[in-house]
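Subject: Structure for you to look at

Hello,

Here is the structure I said I would pass on.

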Amino acid sequence: MSIPFFSKLRSHKHYYELVRPGLKQVEEFIESQTEQFTSHVADYMEPLCKSRGKLLRPALALLTAGATGGIRNEHIQLGAILEMVHLASLIHDDVIDHADTRRGEATANALWGNALAVLLGDTLFAHAMVLGTGLGNVEFAKRLSNIVRDVCQGEVEQSSRLFDLEMTREEYFNIIQKKTASLFSAATGGAAWLSGVRDDLGTAMYHLGTLIGMAYQIYDDCVDMVGSEDDSGKTLHTDAEKGKLTLPVFNLLDSDDEEISESVREALENRQKPDYETISHTNAYRKAINLSVQEACRMTEEAREILWLLPQSTYREALAEMTFYMDELLEDCSGR
């Protein structure tokens, strides 16, 4: 089923502008949390809580709230909690990847060392869970805690499967569902739950976030292989160096070009970085990226189908617009 009334022409900034006041409240709420820590810890937390990301998860939560009854203070808090969990996971990611920059700024591990960075990430995780107990009821707090556990488990599973050629595509998708998509799912599903939607719609909205989150992770995996650090604002090519098996890598391993697939397989077997620079201009490499892009775009298309379940509104159209913008980002990867 196509969705002709969803506009693909409007600037992608529109969906941010629609919830800009709410996102400002999210940022202010996060910044205010430094007051909840001891003075010495707050000195470290202050620059972390003032970092400016894309706020994708809070934006999803607020857009979903607008599409399911209206944005309330609980949705603002949910957006802030999810952003704090995301920030904590990024701190840990940067330690694991030995990344020096993110969003054009020095990472926590670059500033203060790995040990302190890990502890700061742990502190943010814990504080987000404390905040979660103030939302909804015990069942909602439990769901939120399970999602944070999924994020952590996904990171553990990925880090324990580096250079692991026994890993399957199914396991890859399961990992990214946990480590990335679970927070997107919490944004859309959690916001809908706080709005009091019926159970079947709530389940669909959780699935909506899962699809968007998995597509976003595939995009991120592609950017790591074809993007530039100037454009992305973070350290790239860490996936290859660490031996992470991502969707583009699976596609290279399954390539019809046996010489390239065997070279990638041999490098991974020897726990070495495949020579992607040498093969980056080959048809096999481009096909591996293109197939990944197609899979992610299939997910965003399925996400748009779910939006039919929501009443027509500017918020629903903005959610669709967000998926179209993701398609554009993905297509840019395949065109590099």
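This is a predicted model.

Asn251

Asn251 is part of helix α13, which covers residues 247-253. Is Asn251 buried or exposed? Its relative accessibility is 10%, and buried means under 20%, so Asn251 counts as buried. Which residues does Asn251 touch, apart from its neighbours within four places in sequence? They are Arg169, Ala288, Leu291 and Ser292. With two of these, the side chain of Asn251 makes polar contacts: one of 2.7 Å to the side chain of Arg169, and one of 3.0 Å to the side chain of Ser292.

Aromatic rings

A pair of aromatic rings is described by two values, the distance between the centres and the angle between the planes. How many aromatic pairs does the structure hold? There are 7. One of them is formed by Phe140 and Trp193, with 4.9 Å from centre to centre and 25° between the planes, and this pair is stacked. Phe140 belongs to helix α8 (residues 138-159) and Trp193 to helix α9 (residues 169-195), so the pair ties together parts that are 53 residues apart in sequence. Phe140 has a relative accessibility of 2% and counts as buried, whereas Trp193 is partly exposed, with a relative accessible area of 28%.

Phe184 and Tyr216 also form a pair. The centres of their rings are 5.7 Å apart and the planes stand at 40°, so this pair is tilted. Phe184 is in helix α9 and Tyr216 in helix α10 (residues 199-226), so here too distant parts of the chain are linked, 32 residues apart. Both Phe184 and Tyr216 are buried.

Tyr172, Phe173 and Phe250 make up one aromatic cluster. The charged end of Arg316 sits over the ring of Trp308, at 5.9 Å from the ring centre.

Helix α10

What span should α10 have, at 1.5 Å a residue? Its 28 residues should span 40 Å, and the C-alpha atoms at its ends are 41 Å apart, which agrees. Of those 28 residues, 22 are buried, so α10 is largely enclosed by the rest of the structure.

Regards

Note on methods. Residues are numbered from 1 along each chain as its sequence is written. This is a predicted model: local features need pLDDT of at least 70, side-chain atom pairs count only at pLDDT 80 or more; totals for chains, interfaces and linings use all residues. Side-chain values use heavy atoms; hydrogens and water are left out. Helices (H or I, at least four residues) and strands (E, at least two) are DSSP runs, numbered from the N terminus. Buried means under 20% relative accessible area, exposed over 50%, partly exposed in between (1.4 Å probe, protein chains only). A polar contact is a pair of N or O atoms within 3.5 Å; within protein, one must be able to donate a hydrogen and the other to accept it, and residues adjacent in sequence count only if both atoms are side-chain atoms. Contact means heavy atoms within 4.5 Å. Rings of Phe, Tyr and Trp (its six-membered ring) pair if their centres lie within 6.5 Å; planes under 30 degrees apart count as stacked, over 60 as edge-to-face and the rest as tilted. A charge sits over a ring if NZ of Lys or CZ of Arg is within 6 Å of the ring centre and within 35 degrees of the ring normal. The expected span of a helix is 1.5 Å times one less than its number of residues.
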